[in-house]
Amino acid sequence: MFRKTKIIATLGPSSENHIDELVKYVDVIRLNFAHGDKEQHEKYFNLVKNRVPILVDLPGPKLRIGDLGKNMVILKPGDTIEFGTQIPVDDILFFKLIRKGSEVLISDGRIRVKIIEVGNNYAKGLVEEGGILTSRKGINIPDSEVPVGLTDRDLELLKHALEMGTTFIGLSFVTSPEEIRKVKEIVKDQAWIIAKIEKKSALKNLKEIIKEADGVMVARGDLGVEVGLANLPQTQRRIVRLARLYGKPVILATQVLESMVTSPIPTRAEVIDVANSIIQGVDAIMLSDETAMGQYPIDAVRTLHELILSVERSFKPRPPPPLKNIDDAIAYSAVSASNLASSSGIVVYTRTGASAIRISRLRPVVPIIVLTQNQRVYERLKLCYGIYSFISEELNSLDNIVEKSKNVARQVGLKNTIIIIAGGVEEGSTRFLKVEEI
């Protein structure tokens, strides 16, 4: 059975020696550039490059705990801690944003500290909710506004990622479409820009952000802190719905199988959360700490793989309404023809990926087999729901497209059945549809 919902896994110390097993299950590898240095980034790129596409996540203007080395600090309610001395922070902006009485949330809100004293690059806090603190964990100050936009470090990391050949760029703390346009001016067509929705202010411009971005990530860690946990489910649903409406791949992220950092099996709540997200129609689900620093990285991706397959056997996400244009009419007709003819697959020939994305948006039951001569398109489509892309020579006639489509369909095991063939001979258009027996 073809798995339609894609898996993204974050590479880290726990998984860097298990690449061969990891790539059996994942469609995209994420490199979190908030951690590590240039040497480590290059090491990870070389481990993965030419095996699966890479998503580089830029840190953005995020406040973080500084380097604690390999040490862990165990914080208990009632403990007093000192920022700047006992607990380093990586940006002195932290001390300008806090005041006496400020609430400081660490590690996606798991740890909560109330500031009781502020000095020059120094602050004392009272632990209200404890936990285990390690290096580089994120800091949120709900009653303050951290500056947005690309930092100087982001620009350096972006340049390095493009030089190494990343397929996707994760843009953190997006609040407006202008921020995406500025990055696109730098990136050109070298990579897709994935807008991470994690600020409450981004929700005010959500439609415009989604239209401008190449894809969207529901970054539930910071987003949950920003909007409040009680509002997170409906916020997630809204982001997913709008991304699908505008035909942009949408990634679900943060605490997907968080318990598997230390346990070989997930909790029942996590299983239901994943299932609900699949039913909502996300394109991809991303593992973070589970594979980067967890004790069971391969078990985590295998569990997610098997869970997705199980849910997809029983549930199908509802398609969004078709758009009123010729290209979407052909895409909608391809999916309808597939259903009515009980076809085993839809084969799409595309130069830009647009035809394939139009069909993916409609969430057909059968796999979408994509033929393209463009290496970048081939890699980008691996993020999209239900798509299995293959490199093809350029096909200049409908007869050649039909013949090639049949051959590739047979190669993936579709025999003695019906397939739907769709695509465009002209760039960016979806203008033909054929029903063929193989």
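A residue is called exposed when its relative accessible area is over 50% and buried when that area is under 20%, with partly exposed in between. In this predicted model, I132 has a relative accessibility of 51% and therefore counts as exposed.

**Surface patches**

I132 is found in strand β10, which spans residues 131-133. Together with M72 and I74, I132 makes a nonpolar surface patch of about 330 Å².

A patch of positive charge is also present on the surface, where K207, K211, R238 and R241 gather. Helices α7 (206-212) and α9 (232-245) are the elements that give two or more residues to this positive patch. R238 lies in helix α9. With a relative accessibility of 34%, R238 counts as partly exposed, because the value falls between the limits of 20% and 50%.

**Helix α8**

Helix α8 covers residues 220-227 and includes G224. The helix is mostly covered, with 7 of its 8 residues buried. The buried residues of α8 are R220, G221, D222, L223, G224, V225 and V227. After α8 comes G228, which has a positive phi near 90°.

For G224, the relative accessibility is 5%, so this residue counts as buried. Leaving aside residues up to four places away in sequence, G224 touches L229 and L232. G224 and T254 are 30 residues apart in sequence, and their C-alpha atoms are 10.0 Å apart in space.

**Salt bridges**

The structure holds 26 salt bridges.

| Salt bridge | N to O separation |
|---|---|
| E128 and R112 | 3.1 Å |
| E129 and R112 | 4.0 Å |
| K434 and E436 | 3.5 Å |

R112 takes part in a salt bridge with E128, the closest N and O atoms being 3.1 Å apart. E128 lies in strand β9 (residues 122-129) and R112 in strand β8 (residues 111-119), so this pair ties together parts that are 16 residues apart in sequence. E128 is partly exposed, with a relative accessible area of 28%. R112 counts as partly exposed too, at 27% relative accessibility.

The side chain of R112 also meets that of E129 in a salt bridge, at 4.0 Å from N to O. E129 lies in strand β9 and R112 in strand β8, so the pair ties together parts that are 17 residues apart in sequence. At 38% relative accessibility, E129 counts as partly exposed.

K434 is partly exposed, with a relative accessible area of 29%, whereas E436 counts as buried at 14% relative accessibility. Elsewhere, salt bridges that share partners join E103, R112, E128 and E129 into one network.

Notes. Residues numbered from 1 in each chain as written. Predicted model: local features only at pLDDT ≥ 70, side-chain atom pairs only at ≥ 80, totals over all residues. Heavy atoms only, no water. Patch = residues over 30% accessible without salt bridge, like charges linked within 9 Å, V, L, I, M, F, W, Y side chains within 5 Å. Areas by Shrake-Rupley, 256 points an atom, 1.4 Å probe, with all protein chains shown as cover. Lys, Arg positive; Asp, Glu negative; His and termini not counted. Charge placed at Lys NZ, Arg CZ, Asp CG, Glu CD. Helix = DSSP H or I, 4+ residues; strand = E, 2+ residues; numbered from the N terminus. Buried < 20%, exposed > 50% of the residue type's maximum accessible area, 1.4 Å probe, protein only. Contact = heavy atoms within 4.5 Å.
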